[in-house]
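Please read them with the structure open beside you.

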Amino acid sequence: MKKDLTNYRNFGIFAHVDAGKTTTTERILKLTGKIHKIGEVHEGAATTDFMEQEQERGITIQSAATSCFWKDHQLNIIDTPGHVDFTIEVYRSLKVLDGGIGVFCGSGGVEPQSETNWRYANDSKVARIIYVNKLDRTGADFYRVVKQVEEILVAKPLVMVLPIGIENDFVGVVDLLTRKAWVWDDSGDPTKYEIKDVPENMVDDVEKYREMLVETAVEQDDDVMEKYLEGEEPELDTLKRCIRKGTNELAFFPTYCGSSFKNKGVQLVLDAVVDYLPNPTEVKPQPEIDLEGHETGNLAYVDPDKPLRALAFKIMDDKYGALTFTRIYSGMLSKGDTVLNTFTGKTERVGRLVEMHADSREEIESAQAGDIVAIVGMKNVQTGHTLCDPKNPATLEPMVFPDPVISIAVAPKDKGSVEKLGMALSKMVAEDPSFRVETDPESNETIIKGMGELHLDIKVDILKRTYGVDVEVGKPQVAYRESITKRLEDGYTHKKQSGGSGQFARIDYVMEPAETGTGFQFESKVTGGNVPREFWPAVQKGFESSFEKGMLAGFPCVDMKFTLMDGAYHPVDSSAIAFEIAAKAAYRQSFSKASPQLLEPIMKVDAFTPDDHVGDVIGDLNRRRGMIKSQDSSPMGTRIKADVPLSEMFGYIGDLRTMTSGRGQFSMEFSHYAPCPANVAEVVIKEAKERQEAKK
C-alpha cells in the first residue's frame, strides 16, 4: 500500500547548546500523543536523550530519530546535538532532512553554535522555521532575537506571532494571521489554553507586524500582490500558500515564540511544520553519480515506483545489534530484499526494518520513498553509503567529513581488555565518521582522533560505561602538518648492481609548494620517452607515499606539487620498483632543501563573556597567540571572535569559567592551517623526535 507523501514532514530540530531543542522535542511528542509523561532534560529523563552521558551532562550527543502524527500528517523528527564537537551529527542529519526548526534561546539569542548550524542548513538548502524558546526566562526579549537573526545570520525572519507578556508574565502568543490570542493557564498542561481577542494594549503592534507579514508574503505571487496593492486583502488560504512558497524557496523563515518548558506556544510551531515545511516530493531531488564519482544527469526523484535509492546517514550500536538509519529517496525497501552498497560493491540482505521512536522500535514489513527507517544487522554499511537496487545501481552524493584536529593515545588499564578495546573502537568508528582510530606502527600505541577535547572526553567515557573498558589516556596531541615554501629543481639517480640484473632509474623533477587545500599533486612533463610512460605511476607512487610523512617531525604533508621533467632508463635494469625507490630517495634528498615549515591547526574561537570580564578574556586569548577578529556587545554580554592555535586551547573552558565566575562559554571549530612561529616549531619538532627515539 503506497502512502500519500504529501502528508509527510521529515524535519530536524537544531540549535545551540541549552536553547531547549530536546525539551521542545519532548513537548511535540507529548502533544502528538506519543508519550504520556513528559521527561525533563535537567532531570535526565528526556525520551530522546537516552545515553547515560546525555542524561548526566544534560546535552544531546547523538541525534535521536522518532516519528509521530499531527493533523493527519506523519512527522519524522530528528533531535540533533548543539555542542560544537558534535556538529557532524547536525551536518549529516540536515543532509537527509527536508526541513528544520531552528531553536533560539529567548535570552541567549543567536549564539556561536547557532551560526555554524545555520550555515550547514544553508549549505544543504533546508527550509526552516524559527522558534524563539525560553521567553519565560529573565532577560528574554523576542524582538532582540529577531533582530539578531537578521544581523548575525543575515536571514529574513517572518514574524508570525507576538508574545503576550515577557519573562515571568509570559502567558501566550498572538497569531498574526488570525488576529487571535492563545493564552495558556498556569497548570503546565499544554492543552489548557483559550483563544481570545487580542489584548487592547497590543492591537497597534499586531496590526503593524501583520501588515509587514502580509507585504512580505504577497511578494511570492504577482497576482495576489497586484490585488493587494489595489486594496484587496488576501484570504487566509492564499496567504498561507504564499508563505509556504517563500519558506520552501528560503526567501524567509516563519518565526514563532514560546516556552517549551512551560508548555506554551508549541502547538503553533507544529501547525507551521504542517503548513509551511515541504513534503518529500517538494524538495529538490538528489543528483545521482556513477561508480567513478561523475554526475550521471539523473536525479533520485521521491517516487516509490522508481528504482531503490537510499542513503545511510547514521549507524548506532545497541543491544539488538547495529542499526543503520536510512533515508529512502526513491523506490521501496522491504524485509528480505537484497540491496547493493555502491561504496563496497557488495550486496547485503535486509534482515529487519524498524521505525524508531527514540530508543524503542516498531517492526515494519516495508518502507518507501520519503521514509526514514532503521535497518537491523547490516554488516558493512557506513555513514554516507548509498544502498540501491542491484539491477539498477547508482550512488547518491556522498557526505564529506572534516579531518580530526586532535589526538590522544589510549591504552587499556588491564592487559586482558586489549581485544575488548579493539572491538569497542571499531563499533564507535562506524557510528561517528569524525572519530578515527589508528595504531602507531612503531610503538604499537592506539591513537584516537577527533574534533576537540570534549569529543574525545565523551568517547573515553563511552568506552568505560558502554563497553566496560577502562583506559589510560595520554597527553592530547595536535595534528600538525608539514609543507615546503620554496620551488626546487633537482635530480636523483638510483643505481644498484649486485650480480644478475641490476636496478636503474634516473629522474629530474621539480618540487614546489601548491595552493592551499590542493593536497598532493603530480604531473609528468617528460617528452621523447626518456622515462617511458609505464613508469610514471611508479614515480607518482614513490612521491605520494613519502608525502604522508614530512622530514621535519614526521607529520603528514600538505599542498605540494611534484613534476617529473625528465630522466633516463635502462632497457634491462629499469623497472617500476626502481623508479618508485628513486622517487622516495629524491623526496628525502630534496625536502630539507626546499625550506620546509611546520603548520599548525588554527581554530575559530567564539567566546561569550559578561561585560565586566571582557579585558581579562581578550588578554588571555592574546597570551594564547590569538588574533582577535571582532567583539560585539549585547545586553547579555560580549561575544569575542578570534583565531587561536589549537595547541594553546587545551583546558580553555576551565580557565574561561575561572575568569568569568562561571558565566563565560565558548565554542570552537577548525578554521585553517597556518605556519608555526619558529620558537613553537622548534619545541614541537624536538618533542616529536624525542617520541620517535623513545619508540626505538
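Leaving aside its neighbours within four places in sequence, with which residues is Thr 609 in contact?

1. On the basis of the notes: this is a predicted model, in which local features need pLDDT of at least 70 and side-chain atom pairs count only at pLDDT 80 or more, while totals for chains, interfaces and linings use all residues. Residues are numbered from 1 along each chain as its sequence is written, and side-chain values use heavy atoms, with hydrogens and water left out.

2. Thr 609 belongs to strand S35 (residues 596-609), strands being DSSP runs of E with at least two residues and helices runs of H or I with at least four, numbered from the N terminus. Beyond the neighbours within four places in sequence, Thr 609 is in contact with Val 614, Val 617, Gly 637, Thr 638, Ile 640 and Thr 660, where contact means heavy atoms within 4.5 Å.

3. Arg 481 lies in strand S30 (residues 481-484) and is buried, its relative accessible area being 15%. Neighbours within four places in sequence aside, the contacts of Arg 481 are Phe 555, Pro 556, Val 558, Gln 597, Leu 598, Leu 599 and Tyr 673.

4. Helix H6 (residues 203-218) and helix H8 (residues 236-248) have axes that come within 9 Å and cross at roughly 65 degrees; the axes are lines fitted to C-alpha atoms over the stretch in contact, and angles run from 0 to 180 degrees between N-to-C directions. H6 is therefore roughly perpendicular to H8 (65 to 115 degrees, with under 35 roughly parallel, over 145 roughly antiparallel and the rest oblique). Arg 210, Leu 213, Val 214 and Ala 217 of H6 meet Leu 239, Cys 242 and Ile 243 of H8, a set that divides into six nonpolar, no polar and one charged (nonpolar being Ala, Val, Leu, Ile, Met, Phe, Trp, Tyr, Cys and Pro, charged Asp, Glu, Lys and Arg, and polar the others, Gly among them).

5. H6 also packs with helix H7 (residues 222-229), at an angle of about 140 degrees and with the axes 8 Å apart, which makes H6 oblique to H7. This contact is made by Glu 211, Val 214, Glu 215 and Val 218 of H6 and by Val 224, Met 225 and Tyr 228 of H7.

6. On cysteines, the structure holds zero disulfides (pairs of cysteine sulfur atoms within 2.5 Å). Cys 105 is buried at 3% relative accessibility, and Cys 242 is buried at 3%.

Methods: Buried means under 20% relative accessible area, exposed over 50%, partly exposed in between (1.4 Å probe, protein chains only).
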